[in-house]
Amino acid sequence: MTDTQHFVEIRHAQKAYGDLEVLKDISLNVERGQIVAIIGPSGSGKSTLLRAINDLDALTSGEIWLDGVQVNKTLPHRQYEKHINQMRQQIGMVFQHFNLFPHLNVRDNVTMAPKLLKGISKAEADTLAEEQLAHVGMLERIDFYPSQLSGGQKQRVAIARALAMKPKLMLFDEATSALDPELVEEVNLVMKKLAEEDMTMIIVTHEMDFAASVCDRVLFMDQGVVVEEGPPEKIFRNPDKDRTREFLRKHLEGAK
Amino acid sequence: MGLDFSVVPQFYDIILIGVLWTVAITVASALLSFFGGIVFAVVALYGHWSIRLPFRGFAWLFMGTPLLLQLFLIYFGLVQIGVDLPAFVAGVIGLGLHFAVYNSELIQTAIIAVDKGQMEAARTLGLSNGQALRKVVIPQAVRDVLPPIGNNMIALLKDSALVSVIGVSELTLSAQRAIGRTYRPFEFYVVAAACYYIINLGMEAVLRRIERRTALSR
Amino acid sequence: MDVDLMLRVYPYFLQAAWVTIELSVLTTILGLTCGTLGAAARLSRFRVLRIIGATYVSLIRGTPALIQLFILYFGGPQIGIQLDAFEAGVIGLGVNIGAYMTETIRGSIIAIDKGQSEAARTVGLSKMQAMRHVILPQAMRLMIRPLGVNINALIKGTALVAAISVVELTYTAQRYIGSTYRPFEMFLLSGVLYMVIIYVTGRGVAWLDRKARIV
């Protein structure tokens with residue numbers, strides 16, 4: 001059953017909290033190097049879908065596949081824990097509220113997981129931290145603590161932390177929504193850079209301009225279903241569905 | 001000597017009376033600690049320094065020493081100055097004052113936290129300082145600290161066992177009486193513990209109900 | 001106030017204060033142990049452990065410490081537990097304060113933002129690794145102050161063992177009140193010693209708290 005043709009495959013994802021169905025039979029394929037944006041109103045299930053990909057929120061039914069391996073395999077508890085930790089090491093995630101570890105400095109935020117999980121030496125860890133932080137333009141803050149950084153800087157460190165595990169796939173959960181407007185650009189630039197390096201990315205976002213400029217495909221979700229998907233030119237300029245049009249119109253008004 | 005709970009039922013009347021006295025002493029001390037706490041809080045915040053300073057010393061002493069020690073002081077101290085109070089009254093005073101000090105700390109913080117605008121609004125209506133305090137500020141402050149005061153009352157119930165040491169015949173002393181006749185400490189102390197546990201559950205239920213009710217007026 | 005009398009008896013109070021300090025230290029150690037185990041049980045993924053932890057907390061916090069002490073000391077021999085008064089005091093008070101510490105420790109752990117464990121889990125850390133390297137270091141800082149409150153209560157709580165005749169501060173005060181008929185002086189002597197112990201402990205806790213916050 002591992003004849004996966006696609007790099008990321010979501011098959012019939014369904015999730016319910018009691019009677020409330022937040023994801024209704026969603027299927028989605030993402031190819032290696034593709035960048036997919038998921039847009040939609042709050043409560044549409046877009047974050048839940050993203051968080052299902054690395055099993056932070058478990059699906060009620062359905063399958064998630066990454067590079068030929070099922071992420072949410074059915075296994076006994078102990079084995080599953082091992083398996084999912086392995087999978088998560090290949091899936092980087094960036095949160096809306098950064099979730100940096102406040103008790104660790106920037107360097108240790110980046111190197112904790114590689115040191116623990118890959119057993120790299122201190123020297124290797126330092127090189128890794130410097131490399132990754134240089135990549136996001138945060139090298140000069142390597143000995144700072146998260147509380148000493150601005151929101152945009154925190155998010156860049158969070159991206160470096162995720163990249164330090166050398167993931168195959170990056171998930172962005174509204175990575176710029178909690179930032180002051182003037183700090184959004186620096187994070188967007190880092191994300192664009194990743195896109196140019198052919199990182200596979202799935203991005204939940206409110207920023208239509210950014211989605212239009214970097215993404216290969218855009219999904220519009222509402223009430224737990226994918227209403228419409230396609231290339232950004234189509235979704236943003238000439239959508240087929242009224243619900244998409246309605247959402248974009250409201251969003252545009254809100255942005256003014 | 002194994003366990004034998006079959007001796008317990010014949011002492012049920014002693015235990016029951018003990019329960020009633022424990023409830024009585026808890027309720028009486030709780031009331032004293034509640035109103036005493038309000039008075040102490042007002043004195044600590046607004047009293048003349050000649051009252052405020054000794055009061056602070058007294059509060060400091062009461063919060064820094066064990067309740068049991070305070071009970072000994074009150075019980076024997078009163079006897080020494082010629083006031084021969086029944087043990088029950090001495091127990092209520094000891095427990096009540098002890099927890100009044102703790103309640104007062106809570107209420108003081110809450111009074112300070114009540115919005116200054118409340119006091120000003122009351123004063124512009126023509127209320128005197130004392131009236132504004134009594135009718136506007138204190139009711140709000142007390143309502144805000146009801147949950148932690150409730151916790152103090154539950155602590156008070158459990159600490160009421162201590163007054164057995166100065167001879168107040170409540171539940172713990174009842175258990176000791178029964179033990180004196182049967183030499184079965186394990187059984188009777190467990191029974192006493194069970195009684196406390198049940199009263200405790202009852203108190204928690206009542207407190208939750210009061211909290212819910214006052215929550216409506218927010 | 002009879003200062004002469006106080007000067008005459010204070011060495012006995014000093015001696016008794018050492019017993020109170022010993023009791024406090026041992027009880028703190030046992031209490032922290034019970035509290036850690038209790039919190040681990042209450043946060044376990046196994047239902048049985050969660051129930052055991054919750055029952056421990058509920059039973060201990062729902063009944064008077066004095067009765068618990070009596071059950072252990074006077075009732076213990078009936079079920080084959082022979083302890084001297086000091087041992088019973090340490091064990092009884094330690095298990096008692098452990099229930100309160102369980103809630104303090106558990107509260108500090110669950111107060112850590114959920115995003116922290118999520119972030120740790122998304123980089124592939126196991127639950128244990130996330131707990132050890134991310135949650136606990138942060139929770140420890142949070143729990144120092146409330147544990148200090150527990151320890152403050154515990155020091156005053158050691159007075160209970162006077163009821164099973166351990167010769168500590170309160171017992172000594174009671175005995176001298178009985179023999180001298182000077183309740184106020186005896187109260188003052190023992191009260192001051194309690195306050196010294198509590199003050200020093202409080203400074204220690206504040207120092208730890210400050211140290212943990214330097215970041």
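Q: What does the salt-bridge count come to between chain B and chain C?
A: Between chain B and chain C the count is 0 salt bridges. A salt bridge needs a side-chain nitrogen of Lys or Arg within 4 Å of a carboxyl oxygen of Asp or Glu, so no pair between chain B and chain C was counted under that rule. This is a predicted model, in which local features need pLDDT of at least 70, side-chain atom pairs count only at pLDDT 80 or more, and totals for chains, interfaces and linings use all residues. Residues are numbered from 1 along each chain as its sequence is written, chains are lettered from A and ligands numbered from 1 in the order in which they are written, and side-chain values use heavy atoms, with hydrogens and water left out.

Q: Why is the pair C:Glu118 and A:Arg51 called a salt bridge?
A: The closest N and O atoms of C:Glu118 and A:Arg51 are 2.5 Å apart, which lies within the cut-off, so the pair qualifies. Across the interface of chain C and chain A the rule finds 2 salt bridges.

Q: What makes chain B and chain C count as being in contact?
A: Contact means heavy atoms within 4.5 Å. By that rule 36 residues of chain B and 34 residues of chain C take part.

Q: How is the size of the interface between chain B and chain C known?
A: Interface size is often given as the accessible area lost when the parts come together. Buried area is that loss, taken with a 1.4 Å probe and summed over both parts. For chain B and chain C this is about 3,100 Å², with 77% of it on carbon and sulfur atoms. On the side of chain B, the residues that lose the most area to chain C are B:Leu69, B:Lys158 and B:Tyr189, together 19% of what that side buries.

Q: What does the buried area between chain C and chain A come to?
A: Chain C and chain A bury about 2,000 Å² between them, 58% of it on carbon and sulfur atoms. C:Arg121, C:Thr122 and C:Val123 supply 28% of the area that chain C buries there, more than any other three residues.

Q: How many residue pairs are in polar contact across the interface of chain C and chain A?
A: The rule finds 8 residue pairs, both residues at pLDDT 80 or more. A polar contact is a pair of N or O atoms within 3.5 Å; within protein, one must be able to donate a hydrogen and the other to accept it, and residues adjacent in sequence count only if both atoms are side-chain atoms.

Note on methods
Buried area is the accessible area (1.4 Å probe) that two parts lose on being put together, summed over both.
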